[in-house]
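Hi there,

Here is the structure I promised to pass along.

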Amino acid sequence: MPHLVRAIVFEKDNPNYPIHDDRTVRHILSRWQNFGSFAVLDELCGADALRDAFFPEIPSISMLGATFGNPDILNVDIEWLGTDGAQVTIAYHREAHARMVAERNEALEQAAAKRASEYPPLADVMAEYEKLGRPSWTPILEPGETAEPKASRYFGSPWMPSDAHWPVNGDGDQLGFVMQINIADLPTAMRNRLGGGGIVSMFYDVDAELSPAYEGPEDHETAAVFRRFDANLPGGLRRGRKLPGKVQAIASWRAAKDYPDQPDLCEGGDLEIGVQKFLVDTGFEIGESRYRRRGEPTEEASVIAYMRAAENFWGAGACDAETAANALDMFCAAGDKLAGWPAWDGVRRWPENEGRRMAFFYQIDVMDPLWEGFAFWRGDERGHVFFDEADATVFRLAWARGTDC
């Protein structure tokens, strides 16, 4: 019983706030939200029969504090609210309540002083994160082939110079055409980084027999072959191996600001050292990442959870709903996107070329609807395409594996 009382009081009284003013604590226990407390209540009251009775007739229970050895509590009342819940009411002695209030206030003052000496302020953390925002663009798609052979698109047939050879695997079989990006049609900032023109085409060996356990870690990535074609050369649409994905043209690009995922924050060395140490030591996350796509609304539950997480580090009132929503909206987007930051699946993997860290070019998210009907080697992966800014003919695919294998 003391365990149950402690659990109820903890749930009712957020330890980041002053204790409740009323000497009586009323709390609803739900079987589905308060698992541990409800299990204790089941055991205490012999209520295992709840599992077999949809409307159990269990009488209310009242116990004096002396019954379970807690002199601070006057009595505890338990009233069943049907199968899945109970209302527990705890009444404190006046003197005990006054002492508890004084102890809580003292603990809050000590905790605030301790936090101030250990953690940078939330505003400083957010300001450092804001500095790392990068421009990013989401592709706006139109179904079907485009009339312009050189236009950016997914699937269909690629444009190739007349003298270019279709990539093949070691057995001489054609690779499948996945997508092409016309650099001349990209937003100015990205077009300049890539040297102004040309068409980047991606082909993939869908026949490769690859280990689902990532044995031979390079095999599943070298199955992707990139070609950068000179769009000024004579050429045209080339017949070759088509893949079963939906043919879609990239009509335009929607701009947004993209922020780093947690592995980049903690491992990248781009943050002020005090903020980076705080994130590494505590595991505090600034924005949502990995799964939410551009345009998807922030869930109310996420805002509340973020506020509580911030309060655990900076105390009561450290983060209001607006601040939490803004923080969550600064995130590393899932889904297909051009530039920005890679949304990792737990493992940070920046490839290098000739000792240079490659730049992030494009994110392929197989969970996006646009990939329906087509699967890469496992079908549940997120791929990142990188390029060498010193030699923008070199592109490389790295899969977000989810493990370090």
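A question to start with: does Asp365 count as buried or exposed? Please keep in mind that this is a predicted model. With a relative accessibility of 1%, Asp365 is buried, since the cut-off for that class is under 20%. Its salt-bridge partner Arg382 is buried as well, at 10% relative accessible area. The two side chains meet at 3.0 Å, N to O. Arg382 sits in strand S19 (residues 382-388) and Asp365 in strand S18, so this pair links parts 17 residues apart in sequence. Salt bridges with shared partners also connect Arg293, Asp365, Asp368 and Arg382 into one network.

The structure has 17 salt bridges by the rule used here. Among them is Glu145 with Arg153, at 3.8 Å, N to O. Here Arg153 is buried, with 1% relative accessible area, whereas Glu145 is partly exposed at 43%. Another one joins Glu354 and Arg356 at 3.5 Å, N to O. Glu354 is exposed at 68%, and Arg356 is partly exposed at 30%.

Now to the cavities. Met179, Phe226 and Val385 are among the lining residues. Strands S8 (176-182), S9 (199-204) and S18 (359-365) each contribute at least two residues to that lining, and S18 gives the largest share, with 3 residues.

Best wishes

Methods: Residues are numbered from 1 along each chain as its sequence is written. This is a predicted model: local features need pLDDT of at least 70, side-chain atom pairs count only at pLDDT 80 or more; totals for chains, interfaces and linings use all residues. Side-chain values use heavy atoms; hydrogens and water are left out. On a 1 Å grid over the protein atoms alone, a cavity is a set of points where a 1.4 Å probe fits but cannot get out, and a pocket is an open set with protein on both sides within 12 Å along at least five of seven lines; lining residues have an atom within 4 Å of a point. Helices (H or I, at least four residues) and strands (E, at least two) are DSSP runs, numbered from the N terminus. A salt bridge is a side-chain nitrogen of Lys or Arg within 4 Å of a carboxyl oxygen of Asp or Glu. Buried means under 20% relative accessible area, exposed over 50%, partly exposed in between (1.4 Å probe, protein chains only).
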